[in-house]
Amino acid sequence: MAEVKKPPRVNLRQIDKIIAGYRGRKWALIPLTQAIQEQVGYIPKEVIPRIAAALGLFPAQVQGVITFYAQLYTEPRGKNIVRVCRGTACHVRGGKSILKLVRQYLDLEEGETSPDMEYTLETVACIGVCALAPNLMVNKETHGNMNPKKIARLFGGRVKE
Amino acid sequence: MEAITITLNGVEVSGYAGMTILDLARESGVYIPTLCHDPNLASTGACRLCLVEDEPSGALHASCVAPIAPGMVINTHSPRVVAHRKAILKLMLASHPDSCLVCDKGNRCQLRQLASDMGIGLVEFQRIPQPGVIEEVNPFIQRDLSKCIMCGKCIRADQEMVVVGAIDYIHRGSAVRPTTLNDVPLEKSECTFCGTCVAICPTGAIMEKEKAYTGTATSTVDTVCPYCGCGCNLNLGVRDGLVVRVRPSAPSPVNRGTLCVRGSYGYDFIHSPERLRRPLVRVDGELQETTWEDALQQAAAGLQKVVEKSGPESLAVFGSPRCTNEENYLLQRLARCVLGTNSVDNGSRLYSAASRIGLGATIGYAGTTGFLEVLERSRVIMVIGANPEVSAPLVDYTVKQAVRFKGARLCVIDPCRTRLTGFASLWLRPRIGTDIALLNGLARIIIDEKKLDVEFVTRRTDNYAPWARSLQKYTPDYVEKVTGVPGQDIRAAARLFADAEEASIVYGNGITLHADGTSAVIALANLAMLTGNIGRNGGIFALQRECNAHGACDMGTLPNFLPGYQLVDDARARQKFEEKWGCRMPEGAGLNALEMLAPGSRVRGMFITGENPAVSFPQPARVKEALASLDCLVVADMFLTETARLAAVVLPSASFAEKEGTFTSFEGRVQRLRRAIPPVGESLPDGGIIQRLAEALGVPMPYTSYQQITDEIEEIVPFYQHTAFKNAGDGELELTDIEKGLFGTRRLHKGLFPSGFGRFTPVEQLTPTDVAKDGYPLTLLAGTVLFQFGTGSRSRRTSRLGRFRSEAFLEIGGADAKSYRIKDGDAVVITSEKGRLDTTARISDALPPGVLFMPISFPESPVYELFATSLNHQARAPALKSCAVKLERTTANG
């Protein structure tokens, strides 16, 4: 069993520095949240009031925008993001089974992050390389023509004893 | 502006550019159904029910957001439009529960009304229920999101109208719902429970909770809120003689759809079981019920006996800023003409005297100089010594709207953090009691940097040069030393204020209740005149604590003024009233309320209406003694207050919902109260009580209706001359110009002062006397809290307000708590030179070091015991904002 690590502490000083660059610019909410996510990996809940105060918005408003966009996260995410494609092409070529296998190997449901913060499992509507279906991505790398053997090669190390 | 003509349902109509199709349709009397539209909100086109068809293009427009364009041929009810509307409605109903039978919204539900209008019965779509009731413990608002139709009105009301920002949408698509930050219950969020979202929700998704009386109102009455001085218009819903609900009055130009928690939920006191229903007289030391005749006769006999024994000047009358203008007018006539004493006062004088004298000396008019719309369009707003969120929520909303939506810049001068400081571009935290130095310092910087409005100063004011010389010593360095505010912040504030085209100042009891309150008001007025921000642009907004504080003073319920601030000492003014009333009036100013009850006072008999000096005065224990030792005390009140318990005769008064009359709001609007229900029990409006008492005293007053009194006020009180509400359809007119012929002007001065010129008046910062000193190292601030009001006689008897956050407490800053080793909830004792008080500590991050805060609304924890009764020399009022204390921990819990 993988070692359970606590989610990392939020480095508020680092985030405040990012926020300071956008102070007073209401329009900059999305670039700012993206910048925070870029550096921290997610947008910690406790920084929402700070973002709101700096931009002259209400905290609830900021939360509304963050929860609206699928690309913005309020929970810490794993080191590796696995995105399994659920697009039509992947679906007809067995994408459902691929997802099932990945879930088993990683012991994760969709949207979950492993307790050791190594993996986050997500599904996407289409990666855009339907010719290679079924597809999945690990971080920025695309893996096409997936089959159980390839999945075992990618995630085999995670199987429970 | 160019007119745009379109064809609407076959008829040509014209509007102006920027108008939406819906605006034009409403103006032309064409009905278009809506759910998410409200005139007080920016339109978003969320519900799509207002779809209309543009025939040339075949497009379906959401009419609430689509602007009119030349050549449009709009059809609001074409078969295609109707079919779409029905489909939209059915989709809403498919995710709406079938609980209409038991839903309290009943036929007021707009969704249900529209479904029935369009003949939609059961819906054939697959039902997709939404999540249901959110468990919350607050006693005001209940959210059942299964009934939510995602119109977004609550969110927009929260953000645009009251500018609190407690709620917004969360998530997206079918998971979307309005909620608080981190999805916590309302009581743990920023929500202030103003009830605006409850009033605006078209369905039963947001409802009032724990109502004292249930049932749908059968009739409604528009009247005026009886709490703070904002004068919000209320709509009371009445059923079977009971007030069952309160809503903001829809078309009101004053509060524009908003209220605060007191206005929305603070009316249960009307039907409180503690209401006095019959007169009481003291028999063998106990108060016993009796008839009106008996009670009045005993009251009259008691007062007459005092006159026989010690003369009329030993009588005193204490009136209330919660009574109407008419009642105050009658009361001072009772005092002066019937009882023959000038010792008549009202409770608002304690805190508004500084304003009246300070503004009177400088600008020549004793009140707020503009309407809230002036404040709303100001480019810079300075809020000093006021927390309008608590003391005048409507002003708080206006300031926040100006900042968030109109681009105004806010400068808050307050040692404590308030919600407004979060909106401020500049927040100065001076030491308590050093406002005058700060204001003088600002003026000096403005003069030094030549940012003054030279034209205004030379043409409209006098005494400039001596005043400017008096500012010599208030250099930024000196002011920094006195106030503790960094010099650069002082400079920034001065520039901010002077550079603005229109700048306004909002101040409240944090200024007027200090020992030097009058001087601070003068310093404020000097600053406003220096920058030309009076009459022409911007203005001074003096917050009033009580609903009719303005009116009570205007009506002459004052020891030294007749109605309309005509001096008692002025023989000609006196003669005018003597002729009118056919009586002889006493000469010379009378005693003010504190002098009436001071030790060794000559007063032996008192008539008190609607005031509770046994709690609201400094040194309440001593005041109680003084009241108890009177030969005759007659009290008219709704409840058996601490004061009424000491009376020989107690007369039951009617509440605001049971009487007619007018209140004058802090803006200077004279607004009409309308009777919603008959008086509870045998109670009578205070005006009726005063007239009956006058009759029992053998000098009846010749009024048979309120209208007669109002007419007389118009005739005899100079600046009420144009307030003939009988001629106004909506029953509301503003106190406008003092000059005749300028009726209808929205500004008081138009650049001219009533006396011709504004007068700069030098004021000096003295060493503050009401702050920490040797032996008493902390400064205690006393003030109000949002969920209570005044001394709490009404708010504490209002079941929901009474229960919510109803414990007395002492707020202490985090650093002080650490050095005193006090934890949240520890029992502490505070001691001043005058008294001591046991209470519970609560740690707050709003306070600067060395400062404590305590609310005044809890009689079981009478904070005024700690305050001295000494009167300041200018306003003849006590300093009731702060005092020096020391603090000890009595026990520690854990």
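Predicted model: local features only at pLDDT ≥ 70, side-chain atom pairs only at ≥ 80, totals over all residues.
A:Cys85 stands opposite A:Val124 in strand β2 of chain A. Strand β1 (residues 80-85) of chain A is joined to β2(A) by six bridges, and the two strands run parallel. In general, strands of a sheet pair through backbone hydrogen bonds, either parallel or antiparallel.

Now widen the view to the whole sheet. It is open and has four strands, in the order β2-β1-β3-β4 of chain A, with mixed pairing. At the edges stand β2 (119-124) and β4 (141-143) of chain A; each has a single partner strand, so one side of each is left without a neighbour in the sheet. Neighbouring strands are turned by 20 degrees against each other on average, direction ignored. A helix covers part of this sheet: α6 (residues 95-106) of chain A packs on it and touches β1, β2 and β3 (136-138) of chain A. The direction of α6(A) makes about 155 degrees with that of β1(A).

Step back to the domains of chain A. The assignment gives domain 1 (12-68) and domain 2 (80-158). The C-alpha centres of these two domains of chain A lie 30 Å apart.

Next comes the contact between the chains. Chain B contributes 13 residues and chain A contributes 11 residues. On the side of chain B, the largest share is four residues from strand β7 (residues 167-170) of chain B. That side of chain B divides into five nonpolar, six polar and two charged residues.

Chain B has its own domain assignment. It lists domain 1 (3-77), domain 2 (127-270), domain 3 (280-348 + 548-666 + 680-717), domain 4 (352-542) and domain 5 (778-891). Between domain 1 and domain 3 of chain B, the C-alpha centres lie 57 Å apart.

Chain B also holds an open sheet of seven strands. Their order is β14-β13-β27-β26-β25-β15-β16 of chain B, and the pairing is mixed. The edge strands are β14 (286-289) and β16 (344-346) of chain B, and each pairs on one side only. Here neighbouring strands are turned by 20 degrees against each other on average, direction ignored. B:Phe318 has B:Asp345 in β16(B) as its bridge partner. Helix α7(B) packs on this sheet and touches β13 (280-283), β15, β25 (605-609), β26 (632-637) and β27 (649-652) of chain B. The direction of α7(B) makes about 140 degrees with that of β26(B).

Helix α7 (residues 292-310) of chain B also meets helix α25 (residues 686-696) of chain B; their axes come within 9 Å and cross at roughly 65 degrees. The crossing of α7(B) past α25(B) is right-handed. B:Leu296, B:Gln297, B:Ala299 and B:Ala300 of α7(B) make the contact with B:Arg692, B:Leu693 and B:Ala696 of α25(B). These residues divide into five nonpolar, one polar and one charged.

Helix α16 (residues 476-483) and helix α17 (residues 487-499) of chain B pack at about 115 degrees, with their axes 9 Å apart. The two helices α16(B) and α17(B) are therefore roughly perpendicular to each other. Again the crossing is right-handed, with α16(B) passing α17(B). From α16(B), B:Pro476, B:Asp477, B:Val479 and B:Glu480 meet B:Gly487, B:Ile490 and B:Arg491 of α17(B). This contact divides into three nonpolar, one polar and three charged residues.

Methods: Residues numbered from 1 in each chain as written. Chains lettered and ligands numbered in written order. Axes fitted to C-alpha atoms, helices over the stretch in contact; angles between N-to-C directions. Parallel < 35°, antiparallel > 145°, perpendicular 65-115°, else oblique. Left-handed = near helix turned anticlockwise from the far one by under 90°. Contact = placed C-beta atoms within 7 Å. Nonpolar A, V, L, I, M, F, W, Y, C, P; charged D, E, K, R; others polar. Pairing = 2+ DSSP bridges. Domains from an automatic or database assignment.
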